[in-house]
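Hello,

Here is the structure I promised to pass on. Have a look at it first, and then read my notes below.

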Amino acid sequence: MAQLRQEVDPSEVGLDAKALDRLDQHLAHHVDEGRVPGFLVAVARGGRVAHLTMLGRRDVAAGLPVEHDTLWRIYSMTKPVTSVAALMLVEEGRLSLDDPVARHLPAFADPQVYESGSGDDVRTRPARGPVLIRHLLTHTAGLTFAFYRSHPVDALYRAAGLESSVLPGTDLARTVEVYASLPLQFEPGTQWNYSVATNVLGRVVEVVGGQSLDEFFAERILGPLGMSDAGFQVTDEQAPRLAELYGETESGGIEPVPGLPLRGGRPRLLSGSGGMVASAYDMHRFMELLRRRGELDGVRLLAPETVDLMTRNHLPGNADLRAFGSRPAHDEPNNDGVGFGLGVSVVIDPERTQVPSTLGAFGWSGAATTTFWVDPVHDLTVQFMTQVRPKTSLRIVPDLKRLVHEAITG
């Protein structure tokens with residue numbers, strides 16, 4: 001079992017150890033105040049881990065500490081993995097970014113777009129064009145999440161039993177069919193709305209790849225990269241290392257809450273949108289694949305040009321998420337200066353992001369306050385792991401970005 005370890009002194013790779021100590025102290029303050037049970041933060045430069053800190057508990061009641069091999073629910077950090085899977089099929093000529101989704105999932109053959117009304121009085125019209133694979137990758141398909149509660153289509157998702165994004169008791173195929181039966185919020189390709197689109201993409205991977213999503217991931221991505229703990233389930237042997245999941249209380253503290261159904265065997269529904277668990281070592285390997293433009297330790301999953309395509313902005317006119325989207329993404333304070341690629345956000349105007357960043361930096365976050373990013377300018381990768389689903393933003397990600405950038409000296 002591989003574990004993430006510090007490999008080099010920060011000063012050897014142009015990082016300021018004192019600034020990294022300030023980063024640790026800031027994060028420790030969240031633990032001391034009871035807002036976070038524990039955390040792991042890792043900063044690597046040139047592929048070598050130069051800073052690795054673990055503090056607090058993975059299980060508060062049991063008194064179990066965060067350790068190198070702790071397993072974390074990465075939720076939406078599953079999405080970039082699903083995106084890599086789809087892009088592998090594109091490279092093989094089995095899928096195209098401009099394929100109508102209906103070519104592979106016939107339920108999407110007649111998409112309807114919301115026009116007016118609510119509830120039983122919703123009025124729709126036929127979409128002017130099909131939902132394309134690229135729309136799924138860029139979250140411009142017109143799909144949504146039930147929990148937004150800001151649009152009449154969100155309410156239709158709840159009425160269809162999709163409160164938690166998936167249909168309880170069913171598999172991915174059936175859940176995606178339910179998505180397809182509901183109206184789109186807008187014409188495909190005309191807005192950005194973070195949504196269940198990557199679950200649809202996961203189903204496309206299953207159909208085109210001819211394997212279940214967990215089999216495809218294991219054989220084509222996780223196994224070749226040595227991501228030995230990553231997957232959609234936790235074995236009895238792994239279970240003691242899984243961090244407890246917490247939610248924020250009304251008073252600002254935390255309490256255990258139900259999480260992904262990871263134990264007890266293979267889950268019936270394999271969510272390409274948010275179903276994975278991984279260790280810090282696993283995430284380091286995945287980040288390295290992207291930092292190295294598709295290759296790691298002699299294993300190439302994607303061509304360099306494909307990773308470049310994945311990690312550049314695909315919003316029309318090089319728009320950012322504020323101009324083209326409808327709501328903030330995860331723990332970001334706003335979406336100024338941030339565009340979206342094929343499964344990852346990407347910085348397109350560092351001066352407008354309101355947090356220190358560099359042009360072309362890309363990554364994504366998860367619902368339990370996990371995050372990662374790759375900074376090609378500084379040859380830097382960063383990950384932060386904890387397990388808290390906040391009611392409001394903890395603002396950890398903006399502070400993390402600021403403190404990491406303060407540590408860069410060369």
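Before the rest, a word on the source. This is a predicted model, where local features need pLDDT of at least 70 and side-chain atom pairs count only at pLDDT 80 or more, while totals for chains, interfaces and linings use all residues. Residues are numbered from 1 along each chain as its sequence is written, and side-chain values use heavy atoms, leaving out hydrogens and water.

Back to the cavities. A cavity is a set of points, on a 1 Å grid over the protein atoms alone, where a 1.4 Å probe fits but cannot get out; lining residues have an atom within 4 Å of a point. There are 3 cavities of 30 Å³ or more by this rule.

Next, the helices (DSSP runs of H or I, at least four residues, numbered from the N terminus). The axes of H5 (residues 172–181) and H6 (residues 197–209) come within 10 Å and cross at roughly 130 degrees. Axes are lines fitted to C-alpha atoms over the stretch in contact, and angles run from 0 to 180 degrees between N-to-C directions. That makes H5 oblique to H6, as angles under 35 degrees count as roughly parallel, over 145 as roughly antiparallel, 65 to 115 as roughly perpendicular and the rest as oblique. On the H5 side, the contact (heavy atoms within 4.5 Å) is made by Leu 172, Ala 173, Val 176 and Tyr 179. The H5 and H6 contact residues divide into 5 nonpolar, 2 polar and 2 charged.

H2 (residues 79–91) and H7 (residues 213–225) pack at about 75 degrees with axes 11 Å apart, and are therefore roughly perpendicular. From H7, Phe 216, Phe 217, Arg 220 and Ile 221 take part in the contact.

Finally, Ile 348 and Phe 362 are 14 residues apart in sequence and 9.7 Å apart in space, C-alpha to C-alpha.

Best wishes

Technical notes. Helices (H or I, at least four residues) and strands (E, at least two) are DSSP runs, numbered from the N terminus. Ala, Val, Leu, Ile, Met, Phe, Trp, Tyr, Cys and Pro count as nonpolar, Asp, Glu, Lys and Arg as charged, and the others, Gly among them, as polar. On a 1 Å grid over the protein atoms alone, a cavity is a set of points where a 1.4 Å probe fits but cannot get out, and a pocket is an open set with protein on both sides within 12 Å along at least five of seven lines; lining residues have an atom within 4 Å of a point. Grid points are joined across faces, edges and corners, and a volume is the space filled by probe spheres set on the points.
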